[in-house]
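The sequence and structure come first, and the description follows.

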Amino acid sequence: MAKVSVSNLSKTYGKGNQAVKPCSFHIADGEFVVLVGPSGCGKSTLLRMIAGLEDITSGELRIGDRVVNDLDPAERDIAMVFQNYALYPHMTVAKNIAYGLKNRGTPAPVIEQKVREAADILNLTEYLDRKPGQLSGGQRQRVAMGRAIVRDPALFLFDEPLSNLDAKLRNQMRIEIRKLQRRLGVTSIYVTHDQVEAMTMADRIFVLNDGRIEQVGTPAEIYHKPASTFVASFMGAPPMNLLPGDYNGNGSVRLNEETTIRIAEPADHKGVVKLGVRPEDVSLAAPDDGVPFQIDVVEELGANRLLHGNLAGHPFTVSVGKESDATPGLAGLRIDPSAIHLFHPEEGRRL
Amino acid sequence: MKRSQFSHISLPILLLVPQLIIIGVFFYWPAWRALHSSFYLEDPFGFGSQFVGMANYTRLFTSAEYMKVARFTLFFTALVTFLALAISLLLAVKADKVIRGAKTYRTLLMWVYAVAPPVAGLVGVMLFDQNIGIITEFFAFLGYDYRLGVSYADTALAMIVVSVWIQIPVNFIFFLSGLQSIPRHVREAAMIDNPSGFRRFWEVTFPLLAPTAFFLVVINITYSLFDTFGVIDTLVKNNPASNPMTLVYKVFVDGFRGNDIGGSSAQSVVLMVLVLALTIFQFRLLERRIHYA
Amino acid sequence: MAVADSYLSVSQTAEPARRKRRGVRLSTIADHAILIAGALFMLVPVYLALTTASHEAVHIQREGLSFGFGDDLVKNFDAALFAKGGFTGAITGTTMLMNSFILGVGFAVGKIVLSMIAAYAIVYFRLRFATFAFWAIFTTILLPLEVRIVPSYEVIQGIGLTNTYTGLIVPLLASATGTFFFRQFFLSVPDELVEAARIDGAGPVKFFIDILVPLSRTMIAAIFIIMFVYGWNQYLWPTLITTEEGLFTLVRGIRQIIQAMAEGSQIPEYGRMMALAIIAMLPPVAIVILFQSWFVKGLVESEK
């Protein structure tokens with residue numbers, strides 16, 4: 001049975017601004033789902049509707065087997081970790097963690113035990129008597145998580161919890177959160193704008209754009225079979241190269257007079273298309289061996305190199321290994337036909 | 001407004017009721033009464049009141065005495081505002097500049113805020129007194145016979161000096177905090193561009209201080225008009241006679257001494273309109289101030 | 001090479017600093033002079049009040065105010081506090097001190113409680129009535145007490161609250177300043193705090209008591225100081241409302257003294273008067289000085 005069931009859920013703000021367009025999905029028990037998308041795409045709004053912090057305009061929301069549309073956040077058996085931690089500044093770490101239990105009338109000795117356990121899991125035991133102001137960002141985030149796990153809820157909600165941390169800490173915490181969730185087995189919904197977090201942490205990713213869920217799938221599915229140009233360009237860094245072309249209906253797309261690309265899978269659509277290929281799915285060859293490619297800039301990343309240049313009159317990026325000796329100038333590209341994605345030129349959907 | 005609000009209904013109403021009741025009874029009701037009474041003339045023998053329309057108002061504006069008080073109020077307000085602001089600005093700029101003893105100076109200059117106007121007035125009565133006043137002695141030294149309570153100008157001088165004395169701390173605090181909130185890098189850039197301290201002040205610091213200054217002008221005007229009651233009452237020793245007084249004081253005198261409820265109410269309403277204009281002006285200024293920030 | 005270079009750079013930086021210090025010294029002296037003059041202007045009147053409080057009234061009458069101290073400091077203060085005075089002979093300085101204290105604390109506490117809960121209702125609840133309430137409260141900024149003094153007195157008289165502590169304190173609470181201030185402060189509290197509290201099962205009352213009030217501690221202290229001073233220093237309203245001497249505050253008592261001075265045929269008791277004035281000044285001034293940083297913070301924040 002699904003842990004979270006959403007049916008035609010939508011959110012419209014007063015002036016007719018539809019922040020979340022009607023959507024339906026299920027989330028399985030114990031699943032770690034990531035809602036990812038650019039600012040303003042509605043992912044936070046969706047999360048907050050599930051949390052009960054935003055009113056639901058239409059549709060039905062179930063947590064477990066209860067319809068929770070009209071329930072207060074406190075009654076939905078959820079816990080939430082906020083971007084800015086939202087710790088109570090005047091309370092000690094222990095009191096912060098205990099507050100939710102206290103309000104539910106949990107007896108003191110039980111509270112104490114649970115707080116201790118949570119602190120233990122998160123390595124916070126020595127900080128229990130400190131106030132949030134005395135802690136570092138990473139420690140505060142752990143306290144926020146402690147507050148969530150101590151309640152043993154049916155659902156964890158994360159609202160961009162790592163955005164305020166520096167890059168190194170973020171990478172560290174990503175792994176910790178994932179490990180913790182696997183250990184506790186609590187269904188989790190995680191919101192972020194960072195596609196790396198989405199890819200590395202999710203069991204399933206929901207890609208949102210402009211209030212709509214564009215694609216739902218495992219990280220691999222999303223990456224290798226993006227359902228639209230938006231998903232294709234949003235997920236993966238550096239982003240997928242997208243070029244306009246003309247599909248002849250029979251295995252090749254013409255980019256311009258000189259350049260024609262062979263594709264592996266036929267598509268129904270004939271005529272103008274958007275062609276997509278990831279920078280790493282292209283290999284470099286001699287100038288006359290493959291599609292002509294003008295290299296303008298070579299970016300050295302250490303582990304690999306990015307070649308930015310021009311292919312058939314459009315900007316194009318290629319990712320090559322560190323042993324490549326590419327320099328600015330003319331080169332040739334060999335593109336694996338099975339690595340090409342075709343998209344509808346206007347609608348952006350996968351063909 | 002807040003992103004997340006509670007949806008309870010009875011609780012917030014309950015919380016608002018005490019404040020609203022008090023305001024209703026002690027603000028709106030008297031204000032309405034004043035407005036109402038200003039259109040009536042009370043029978044001196046207490047047999048009721050008679051509707052007289054704008055008669056109270058016309059009587060006011062044709063009264064030489066009222067206009068005299070109005071003129072004095074204008075003069076007094078302008079002078080006190082200017083002096084209080086100028087002196088405290090000077091002190092604030094200096095206090096901001098010196099590194100040693102800044103905190104001590106701040107303490108020494110701001111404590112007077114806590115002195116009640118009538119207490120200051122009392123001390124003023126002492127200092128300006130006929131027989132024992134130091135300032136009177138000083139004037140005598142200069143060959144001038146200073147008479148508090150007798151000479152109009154002399155009493156006015158005392159009122160102005162004491163009122164300025166009381167108001168300097170508030171202005172000082174605001175100016176100082178305004179100065180200290182000017183970002184350091186702006187000042188450093190100014191120092192590089194402009195070695196002359198005086199010019200630097202007028203061209204860089206003062207414009208940045210302008211919002212605070214405008215705000216204080218309104219505060220000071222309000223203060224001079226209304227909060228100087230204690231000073232005036234004390235200096236004239238509760239005996240207005242032919243002493244200088246402000247419009248607010250006259251409201252009190254006519255209302256409680258003269259028993260002229262109609263006239264006093266009319267005066268109140270005139271002042272209400274004045275304050276209304278001032279406050280609207282101040283809020284317009286505040287809005288623009290937010291744009292500055 | 002490197003060592004010689006560093007020697008060069010050291011002397012180069014030292015020069016301008018020395019030059020600067022010499023030039024600066026002159027203007028710094030002028031700065032300090034101005035500040036000292038300002039401080040003296042603030043302090044001398046009160047200093048003279050203190051010296052006057054140390055002399056016999058006759059001495060003052062004869063010699064005028066002096067900068068030196070006499071021997072009667074304790075005697076005058078004693079009289080100011082404990083001798084019975086006033087027209088009915090019933091009031092002592094100590095009673096007035098207590099009344100001032102009651103007014104100051106009563107007003108401050110009343111103001112803080114009323115305005116905090118009103119501001120809370122306006123900010124944290126989705127209530128259309130709240131907008132109306134906000135504007136109703138906001139309008140009180142428009143008219144200070146002095147402008148509606150006569151009808152306000154009549155209202156109190158009508159209710160029969162003259163010469164009571166209630167009549168003294170409650171009407172003063174009819175203003176918006178506190179509510180505005182707390183409203184502004186509450187608006188600056190992060191939204192997420194409420195959300196986390198809601199998820200933690202805190203209803204509006206729990207949130208207010210457990211979280212909002214502790215968060216506002218410094219602000220409450222700052223406002224308390226300002227309101228206490230304001231209440232303590234009230235003059236016009238107590239003058240009208242309290243005619244029974246038993247209810248006089250120190251500041252109100254001053255008025256009585258002035259009247260006596262004007263009408264009396266004897267030499268006014270300068271020493272005792274000044275002692276009383278000093279007593280009237282002391283508590284507010286002490287609080288403002290001791291809690292300076294909170295006071296300044298509260299003043300600057302609240303007037304905005």
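Chain A of this predicted model is divided into domain 1 (2-233) and domain 2 (242-343). The C-alpha centres of domain 1 of chain A and domain 2 of chain A are 39 Å apart. Contact between them involves five residues of domain 1 of chain A and five residues of domain 2 of chain A. On the side of domain 1 of chain A that touches domain 2 of chain A, two residues are nonpolar, three are polar and none is charged.

For chain C, the domain assignment gives domain 1 (2-73) and domain 2 (90-303). Here the C-alpha centres of domain 1 of chain C and domain 2 of chain C lie 36 Å apart. Eleven residues of domain 1 of chain C are in contact with nine residues of domain 2 of chain C.

Which helices supply the side of domain 1 of chain C that touches domain 2 of chain C? Helix 1 (2-52) and helix 2 (57-63) of chain C each provide at least two of its residues. Helix 2 of chain C gives the most, with four residues. By class, this side of domain 1 of chain C holds six nonpolar, three polar and two charged residues.

| Domain pair | Distance between C-alpha centres |
|---|---|
| Domain 1 of chain A and domain 2 of chain A | 39 Å |
| Domain 1 of chain C and domain 2 of chain C | 36 Å |

Terms used. Residues are numbered from 1 along each chain as its sequence is written. Chains are lettered from A and ligands numbered from 1 in the order in which they are written. This is a predicted model: local features need pLDDT of at least 70, side-chain atom pairs count only at pLDDT 80 or more; totals for chains, interfaces and linings use all residues. Domain bounds come from an automatic or database domain assignment. Two residues are in contact if their C-beta atoms, placed from the backbone, lie within 7 Å. Ala, Val, Leu, Ile, Met, Phe, Trp, Tyr, Cys and Pro count as nonpolar, Asp, Glu, Lys and Arg as charged, and the others, Gly among them, as polar.
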